[in-house]
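Have the viewer open and follow along.

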Amino acid sequence: MKICFEVIGLPPKKDGANSMWRKGSEFERLRNLRIAAAEAMNGRSPATTLVNLHLRLFAAPENGDLDNFLTGICDGLMAAHPRTPVDTAIWSSLPEHAQPNRSICFKDDKLLWKISAERISSNDRHYEVEVEW
């Protein structure tokens, strides 16, 4: 199975000890990622076997480190950790299958077998994700 989706804007980024699920700067990015991924999954269950992920980021280098974006995407496609306090009011507008307590593309990013990423320098910030299992 292979799914592909595009998201306008920058990916969520994980860059510190604090959960990105609790950072105001990442809410919109996480929402956009999760909605696009859930639509691409089209009701399919998350992968439970080995997964390959490819990121194609269209953004200038000053927009952030590629590795932080990769980590944000990988963690954003799983369910938030059950002990992470999630403000349900912020996420209430998401469809049920994109809610933070739901895994979308894979149950756990331990399943990632191969990750590849590339940045195409651009002022038009968006990204494309391919997930295959």
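Predicted model: local features only at pLDDT ≥ 70, side-chain atom pairs only at ≥ 80, totals over all residues.

Helices (H or I, at least four residues) and strands (E, at least two) are DSSP runs here, numbered from the N terminus. Residues are numbered from 1 along each chain as its sequence is written, and side-chain values use heavy atoms, with hydrogens and water left out.

**Around histidine 126**

Is histidine 126 buried or exposed? Its relative accessibility is 10%, so histidine 126 counts as buried (buried is under 20% relative accessible area, exposed over 50%, partly exposed in between, using a 1.4 Å probe and protein chains only). The histidine 126 side chain makes a polar contact with the side chain of glutamate 6 at 3.5 Å. A polar contact is a pair of N or O atoms within 3.5 Å; within protein, one must be able to donate a hydrogen and the other to accept it, and residues adjacent in sequence count only if both atoms are side-chain atoms. Setting aside neighbours within four places in sequence, histidine 126 is in contact (heavy atoms within 4.5 Å) with Glu6, Val7, Ile8, Gly9, Arg56, Leu57 and Phe58.

Glu6 and Val7 turn up again at alanine 36: leaving out residues up to four places away in sequence, alanine 36 touches Phe5, Glu6 and Val7. Alanine 36 sits in helix H1 and, at 12% relative accessibility, counts as buried.

**The aromatic cluster**

Which residues form the aromatic cluster? Trp21, Phe27 and Trp91 do, as one cluster. Rings of Phe, Tyr and Trp (its six-membered ring) pair if their centres lie within 6.5 Å; planes under 30 degrees apart count as stacked, over 60 as edge-to-face and the rest as tilted.

| Pair | Centre to centre | Angle between planes | Type |
|---|---|---|---|
| Tryptophan 21 and tryptophan 91 | 5.5 Å | 55° | tilted |
| Phenylalanine 27 and tryptophan 91 | 5.8 Å | 85° | edge-to-face |

Phenylalanine 27 lies in helix H1 and tryptophan 91 in helix H3, so their pair ties together parts that are 64 residues apart in sequence. Tryptophan 21 is in the loop between strand S1 (2-8) and helix H1 (24-41), 70 residues from tryptophan 91. Tryptophan 21 is buried at 6% relative accessibility, tryptophan 91 is buried at 1%, and phenylalanine 27 is buried as well.

On a 1 Å grid over the protein atoms alone, a pocket is an open set of points where a 1.4 Å probe fits, with protein on both sides within 12 Å along at least five of seven lines; lining residues have an atom within 4 Å of a point. The second largest pocket holds about 160 Å³, and its lining includes Ala38, Met41, His97 and Lys107.

**Out at the surface**

Asparagine 101 lies in the loop between H3 and strand S3 (112-120). Its relative accessible area is 56%, so asparagine 101 is exposed.

Notes. Points joined across faces, edges and corners; volume = space filled by probe spheres on them.
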